[in-house]
Amino acid sequence: MVSTITIRRPDDWHVHLRDGAMLAAVAPFTARQFARAIVMPNLDPPVTTVTAAQQYRTRILETTADSFQPLMTAYLTDATDPDELERGHSEEVWVAAKLYPAGATTNSASGVTDITRIRPCLERMQRIGMVLCVHGEVTDAAVDIFDREAVFIERILAPLLADFPELKVVFEHVTTRQAVDFVTDGPANLAATITPHHLHLNRNALFAGGLRPHAYCLPVAKREEHRLAVRRAAVGGSAKFFLGTDSAPHPRSAKESACGCAGIFNAPFALESYATVFDEEGALDRFEGFASDHGADFYGLPRNRDTITLDRAALAVPEDVAGLVPFHAGQTLGWRLAG
Ligand code: DOR
Ligand code: ZN
């Protein structure tokens, strides 16, 4: 049995680092494991200008080690100016832009109300090779919440890819068999991120012995058959699937509430969580591709040069990390990040 694995240092292709005191509390966990991270722009107010993104990047760098590189994203709104997108991209501030359907999730109120409103932005992004990151859920209240990702594919994503056949699109945090199949069968310019929590949890986790707010995130966890499809995608070796934690911390009081926020804080033990899955699936030899190679290749960025090592060792996850409840709180994982 393999007792240690050394892989190229991974990147996190989807993370929420927040701002202010929360940023200072959580960002070091991401920077400790990952060389780079695609930083989500859903602050309040959202990161819609190049200046705001530059300033946010500076604040992140003040809280993290020198070796960490935050990759910034633009928050798309109905009013986003394609020239501003292009400027931020050419000045190497923005790596990607994020599509939040308005109302889909945390701080998405300023998101896009109708995909036709951002056609000029998508045209420009296709032309300049700027990646579109997509929160893939419809916001139609008539659609069952467990079906919103699958319906998004039919209503929005498939037509979008047909209209913009060369646009690079990352279908973020896929949770369903339909999403996995769509990405697998799709063109080379379509890829997906996978979170640790959607590899470990199905929707029963939300109701295990009572209401479990710390298992609540968006897209919400689905049935077991979907979790298994997402697992197969992660460990299957396809270059279209890569690591994106979607670590999304909220204060404990905002989670344990009559109307709790969506988001799972998995940053502290993200690599251990993923490694446990790859080990369970007998696929440790494919972990490096998923964690360290596929994302960089898709984004057209160099692969990292240094390495990290994980040891097979019991890791007891604490109930509290920096005043927050981490993913796997109180559980024991089978791998530990060395150093
Ligand atoms: O669970 C989630 N939390 N999903 C999202 O899409 C947003 C995130 C957040 O920012 O809290
Ligand atoms: Zn997210």
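Q: What makes K168 a residue that lies over the face of F298?
A: K168 is 5.6 Å from the ring centre of F298. A charge sits over a ring if NZ of Lys or CZ of Arg is within 6 Å of the ring centre and within 35 degrees of the ring normal. K168 is therefore listed as lying over that face.

This is a predicted model, where local features need pLDDT of at least 70, side-chain atom pairs count only at pLDDT 80 or more, and totals for chains, interfaces and linings use all residues. Residues are numbered from 1 along each chain as its sequence is written, chains are lettered from A and ligands numbered from 1 in the order in which they are written, and side-chain values use heavy atoms, without hydrogens and water.

Q: Which ring has the charged end of R203 over it?
A: That of F146, with 4.6 Å to its centre.

Q: How many aromatic pairs does a search of the whole structure find?
A: Ten. Rings of Phe, Tyr and Trp (its six-membered ring) pair if their centres lie within 6.5 Å; planes under 30 degrees apart are stacked, over 60 edge-to-face, the rest tilted.

Q: Why is the pair of F242 and F298 called tilted?
A: The centres are 5.9 Å apart and the planes meet at 40 degrees, so the pair is tilted. It links distant parts of the chain: F242 is in strand β9 (residues 241-243) and F298 in helix α11 (residues 287-299), 56 residues apart. Helices (H or I, at least four residues) and strands (E, at least two) are DSSP runs, numbered from the N terminus.

Q: What makes F298 and Y299 an edge-to-face pair?
A: Their planes are 80 degrees apart, with 6.2 Å centre to centre. Ring pairs also link W13, F242, F298 and Y299 into a cluster.

Q: How do you know whether F242 is buried or exposed?
A: Its relative accessibility is 0%, so F242 is buried. (Buried means under 20% relative accessible area, exposed over 50%, partly exposed in between; 1.4 Å probe, protein chains only.) F298 at 10% is buried, and so is Y299 at 7%.
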